[in-house]
Amino acid sequence: MLAPNGFVKTIFLVASKDLRIEWRNREITATMGFFSVLMVLIFAFAFVNPAGDGLKSEVTAGVLWVGLLFSGTIALARTFDRERDLEAIRALLLSPAPRAAIYLGKLLGVVFLMLLVQLAVTLLSGLFFSASIGQHAVWLALFLGLGTLGYAAVGTVVSGALIRSKSRDALIAALLFPLVTPLVMAGVRGTSMLLNPETPDMESIVFWTEFLVVVDAVFLILGLWAFEPVISGE
Amino acid sequence: MSLASAELQLDLVGKTFGRHRALVGVSAVFSPGKISAILGPNGAGKSTLLGILATLVRPSTGTIRWGNELLGPTAPGRAAIGYVGHEPGLYGDLGAFDNLKLFGGLYGKAVDPKVILEKVGLSHVDPLAPVRTYSRGMQQRLALARALLHEPAILLFDEPSAALDPAGASWLSEQLVLQRQAGRIVIVVTHDLDAVAPLTDHLTILRRGRLAHHAPITTTLTGVDLRRIYTETTGACT
């Protein structure tokens, strides 16, 4: 049988393997966390007014999404480095595990790490920028969750495609950022409206949320379709 | 599928990468209970052929059959393939136990890592220490353990003795013989003619992507014999 242990079990095997490795050396979370904290601090020094004037919601939204994009890139690059070391990817691909399950497992691992760092960035942003994060926690979690899922869905394919490329770190950003432009635009616009200290425009927020759901669905379907040929180097 | 009876058969297999023809019309048969050596100069297509046999590379032309079953990236029969490369194919940040449990899970096998480590002479190692801290020889032993987890009928080796010390290479030769005795199809791609010569039952030599020699060996070869056949067939020095 091609998937003797079941599709879902394979997803969790691959994801839990990535998270176990991360638990052992904490390399990705440390790098992502350090970068994200530094980024929030720099933006805080640049934008926070000592007079105590409130920041525009666009700035906080921008900080959250810049954090998502750049820390996500770090996670995507490193998680595939581990596959390349000692040619583990070859043994993984040789197993009868369906490639789609391997893709979803890698995706799940990256999403978990990105969400962990997003949580820290969001709390820090709330603290430094006095953003109304607590008031709209569920909506904000939805926006960032959908953004993370969509970004990681494309990023896992791009990072997998570049697994044997020497200049992968540079190429990931160059290839990935243009692809996720619609996702970022929708996310930043929606988050910005959500964090507006005056009454948020709920109609637009719902629209951007639905837009993100559609983009995520398209990215996931494309990812499932494209992962096998790109990871096989065909 | 009977492990003892099914042959691995290539029929006019070819592979092109862009305009480069890496393999051209290769037809060959590999039998169970035999060690088949695949030799050839650099760029002859050995690794491409092994990648195709492992179903990791899709052939541009031709078919591969194991018994009556067509082998390919989605064929159920690929679960019958074990592979040991010059890199061990393991997660360096995980220990031996975690690696074996992971790959056992992917093949749907409940494994007892302790027993498996004993089989490959690694019962003395710390099974929780990251695999990257193991010596090269220990990594190759663990790679073989990983490849044998699911009792494969077809066992492929790509330069398995590269960077192994003499003791490690000798251990590997013993393992190849054991796998032949177990009735597996054992295929070894190597440049180490001296090591593979006395073990070889069937010799395949590739030259510029084409099959230059594919025949059984009827007597025990020495490294000198094999070097002579190789030089005569390829025109290359060893």
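Among the contacts in chain A between residues at least 6 apart in sequence, 85% join residues at least 24 apart, where two residues are in contact if their C-beta atoms, placed from the backbone, lie within 7 Å. This is a predicted model, in which local features need pLDDT of at least 70 and side-chain atom pairs count only at pLDDT 80 or more, whereas totals for chains, interfaces and linings use all residues. Residues are numbered from 1 along each chain as its sequence is written, while chains are lettered from A and ligands numbered from 1 in the order in which they are written.

Chain A has nine helices and zero strands, helices (H or I, at least four residues) and strands (E, at least two) being DSSP runs numbered from the N terminus. The radius of gyration of chain A is 18 Å, close to the 17 Å that the globule rule gives for 234 residues, so chain A is as compact as a globular protein of that length; the radius is taken over C-alpha atoms, and the rule is 2.2 Å times the number of residues to the power 0.38. Taken along the principal axes, the C-alpha atoms of chain A fill a box of roughly 65 × 35 × 30 Å. Of the 234 residues in chain A, 46% are buried, a residue being buried if 20 or more other C-beta atoms lie within 10 Å of its own, exposed if 12 or fewer, and partly exposed in between, with C-beta atoms placed from the backbone.

Helix α3 of chain A, residues 57-84, has 28 residues and reaches 41 Å from its first C-alpha to its last, close to the 40 Å expected at 1.5 Å a residue, the expected span being 1.5 Å times one less than the number of residues in the helix. In α3(A), 20 of the 28 residues are buried, so this helix is largely enclosed by the rest of the structure. A:Leu68 lies in this helix and is buried, with 29 other C-beta atoms within 10 Å. Leaving aside neighbours within four places in sequence, A:Leu68 is in contact with A:Met114, A:Gln118, A:Leu144, A:Gly147, A:Thr148 and A:Tyr151. The C-alpha atoms of A:Leu68 and A:Phe143, 75 residues apart along the chain, are separated by 11 Å. Just after α3(A), A:Leu86 takes a positive phi of about 55 degrees.

Chain B, by its own count, has seven helices and ten strands. For its 238 residues a compact globule would have a radius of gyration near 18 Å, and the 18 Å of chain B agrees with that. The C-alpha trace of chain B spans about 50 × 40 × 35 Å along its principal axes, and 47% of the 238 residues count as buried. Among contacts in chain B with a separation of 6 or more, residues 24 or more positions apart account for 69%.

B:His202 has B:Pro216 in β10(B) as its bridge partner, and in the hairpin, which has two residues between the strands, B:Arg208 takes a positive phi near 50 degrees.

Helix α4 of chain B, residues 136-148, has 13 residues that should span 18 Å at 1.5 Å a residue, and its end C-alpha atoms are 18 Å apart, which agrees. Ten of the 13 residues of α4(B) are buried, so the helix is largely enclosed by the rest of the structure; among them are B:Gln139, B:Gln140, B:Arg141 and B:Arg146. The cover over the buried residues of α4(B) includes α4 (88-94) of chain A, together with β6, α2, α3 (113-119), β7 (154-158) and α5 (166-181) of chain B.

The contact between the chains takes 27 residues from chain B and 25 residues from chain A. On the side of chain B that touches chain A, β6 (81-84) and α2 (96-106) of chain B each supply at least two residues, and α2(B) gives the most, with five residues.

The largest nonpolar core has 142 residues, and those with the most contacts inside it are B:Ile154, B:Leu156, B:Ile187 and B:Val188; such a core is a set of buried Ala, Val, Leu, Ile, Met, Phe, Trp, Tyr and Cys residues joined through C-beta atoms within 7 Å. Helix α5 (residues 99-129) of chain A gives the most to this core, with 13 residues.

Note on methods: Pairing = 2+ DSSP bridges.
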